[in-house]
Amino acid sequence: MEDQSTIEYVRYRVKRDSSRALAWFRDNWRERRLFRWGAALVGVSLLVWIIAWALLARGLPDAESLLEYETPLPSVVRGIDGEIVHSYARERRVQLQYRDFPEQLIEAFLAVEDETFFSHGGVDLTGTANAVVDYVSKFGSGERAVGGSTITQQVAKNLLLGDEYSVTRKLKEMILARRIEGVLDKQEILELYLNEIPLGRRSFGVQAAARAYFDKDVADLDLHEMAFLSILPKAPERYGRKANEALAIERRNFALRQMEDNGFINEQQMRAAQAKPLGLVTQRQERSADAGYFLEEVRRQLIDQFGETAEESPNSVYAGGLWVRTSLDTELQEAGREALRAGLLRYHGNRGWTGPIATIDVSEGNWASQLASSYLGVRYKDWRVGVVTQRSGSSATIGFSNGDEAPLSGLPDALKVGDVIAVSPSGSGYRVRTIPEVSGGFLAESVQTGRILAMQGGFDHRLSDFNRATQAQRQPGSTIKPFVYATGLDNGMTPASEVPDQTFCYYQGANLGEKCFRNFGGGGGGTHTMRWGLEQSRNLMTVHVAMDAGMPAVIETFEKVGIGSYQPYPAFALGAGDTTVEKMVNAYAALANHGRLHQPTVIDYVQDRRGKVIWRADKRKCDGCNMPQWDGQPMPRFGPMGKQVLDPRTAYQVVHMLEGVVTRGTATRLRDLELPLFGKTGTTSGPTNAWFVGGSPEIVAGVYVGHDQPRNLGGWVQGGNTAAPIFKEFVQATKDKWADEPAVAPPGVRMVRIDRLSGKRVFDGTPSDDPRASIIWEAFKPDTEPPRATRQDAIAAKREEILALIRSGRQGAGEQQVVVTDGDGEPADFVEDQGGIY
């Protein structure tokens, strides 16, 4: 009853008071003109405000989307040892959690940007009123008014609205700020703000800015440095410039006073910090290994897999924050890069200046910006890339992308204004340097895994991004011969088989007529062992092996090991078909890996921003690896990697013969490395290309030298004197990476002593370390070993024995005819010796 009485009383009071208010309003409306005008104005304003609010609020981004917002982060690349070697970034960004931000850094931003952040609900009415007054005072002047935005409003602007300068955007910003405060707590808002705020030097967020301006992490910043970062949101490009240092110090000291006024620091701390210089570092290049060709190949594969921007994929290369583990070995990369450069410069010799890298128009005076936007550069010794800004006779000046100019010496006659060239310091100026016109490619690969360890696709990727290690299609020349011999070994031949070193002519049809082959440098004649033919790179013997085994079978071998697909013509057995360094190195790695071929890779695996592996190169399954408990069975293991494409015994036989190429063949200049290396040189017609591919049971590397538009390199050029020295320099610089252990023979291989030149089996004598020794160990498949003597040897020996008996006059009763029969009782033309038939 009491509750009912209370409700009735409230109803009575509301009805009575509302009636009185309505009567008061009606009386004033009738009797007072000013009241009518004021009420109408308030009503219209309220209606306009409601309509405007409805129009502005409609279609605004959903504040709840910030709950799932992810900062666009660059992708970080690590090398084979786990160290960071590069990042793919168009902006500097690093995401931290709230607990990672130093307390004084937070206080600095609050003091400068939003003192009442923890007390307001998204909009500071006092700050907004001040902004309105400032806007009205500057209206029509073209000067931008102060924003008066809270930190929450700045989050709305940066993440949801954009930076349009208008009253409409400001109103939308206020609406969104209120909504954001209802979705996120204060710490979450600050975390978004401190990670996203643009602070100049392409830096977004305080951690990226700390690195850009001071080369420090936020945890290592001093008070005066934190205060400097807090002033950047207002005008990052102004305060970060050397020319505005005094202005930046004044503004920084203001920030420190604000911190002291708000009780965040005491006066002593403030004065000590104000006495410090700015201490800004010059803008630095992002940390990156000098492996541009390798890293560009990684980037290309990542874009193919995950997309380039956030619109394409949440795990995109430039926004997804990927962690990419690669197979890049920086030690091998540096050695390969420098060895290739040295080889190209060695070939270039004293050929003179080859012309400019590029040309630009310097007549308008903006040559520095043109040079900077060209992204041309060179990282070799102390060389730089610049543009010729003036020339008069024997004097000239060189200009650089930062606007500096200096005297230039060593001027070629053809040098002219606007030429972009390489130079190096010389005295008080610079001297012209020459980028070799000849180029080439280098690649090193792990035998057991197919992981590419190093890649250099030219002199410098800043000059040309065309990757000659993976993209240049070149004739491999004699480096393809081991796979011709492998086909012969699979079709009944052995390393000791006798092969003619004689002219071979081939009828190609009515249109092409007859094609006759010859050895490099001419010559030839007789028959020799297959081993000798490979060691000495005899073209005629290779063609005979190919035709005896069948060119279709040879082409099939090329396809199996991934070199290429060609027509079954004998010229392809000598390397007339196009392929790449990557394919040749991978094929040689299959030889060293007992015939098991891997897909070459530059990426091991990719993790998303949270560390989850979202892609891996090794897709083998391991059944039982994730069992909750051990079942008592043997430890589960991964299956073998790669695909078996060659008989393991054949692959080993070829590698064993290729070791002879290094010890006494066309690559003997590698012998003094005193490592168990194998390999093969190659020189194509012209010569237009010089090759070497080879390595050890652990690492295989390949290199070629040639012009991008193939032309004659000079009659003296061969793979042995031009390409092999590059490989040698690479090995010398990385000796600690090369194991002093020879290749291990697979099951089913028999090592037999033979005479190296004749291929005959020997039973007395021992192979030695002398590369010219006549007796060597040779690898054979079971039941293919050569006999001690051939049938012709037996006949000649028996003839000599009979002639000796006749000459000695030993005729008589003790004399008897010697006849040996075969298994069918017929006379045989071989002899019995030491209890065996040979």
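**Close-up views of the predicted model**

**View 1. Surroundings of Thr734.** Leaving aside residues up to four places away in sequence, Thr734 touches Glu331, Leu332 and Ala335 (contact: heavy atoms within 4.5 Å). Thr734 is buried, with a relative accessible area of 0% (buried: under 20% relative accessible area, 1.4 Å probe, protein chains only). The side chains of Thr734 and Trp738 are joined by a polar contact of 2.9 Å (a pair of N or O atoms within 3.5 Å; within protein, one must be able to donate a hydrogen and the other to accept it, and residues adjacent in sequence count only if both atoms are side-chain atoms). The loop that holds Thr734 runs between helix 22 (719-733) and strand 25 (750-755) (DSSP runs numbered from the N terminus: helices H or I, at least four residues; strands E, at least two).

View 2

**View 3. Pairing of strands 23 and 24.** Six bridges link strand 23 (residues 690-695) to strand 24 (residues 699-706) in the antiparallel sense. Phe692 stands opposite Val703 in strand 24.

**Notes.** The model is predicted: local features need pLDDT of at least 70, side-chain atom pairs count only at pLDDT 80 or more, and totals for chains, interfaces and linings use all residues. Residues are numbered from 1 along each chain as its sequence is written, and side-chain values use heavy atoms, with hydrogens and water left out.

Notes:
Buried means under 20% relative accessible area, exposed over 50%, partly exposed in between (1.4 Å probe, protein chains only). Two strands pair if DSSP finds at least two bridges between them.
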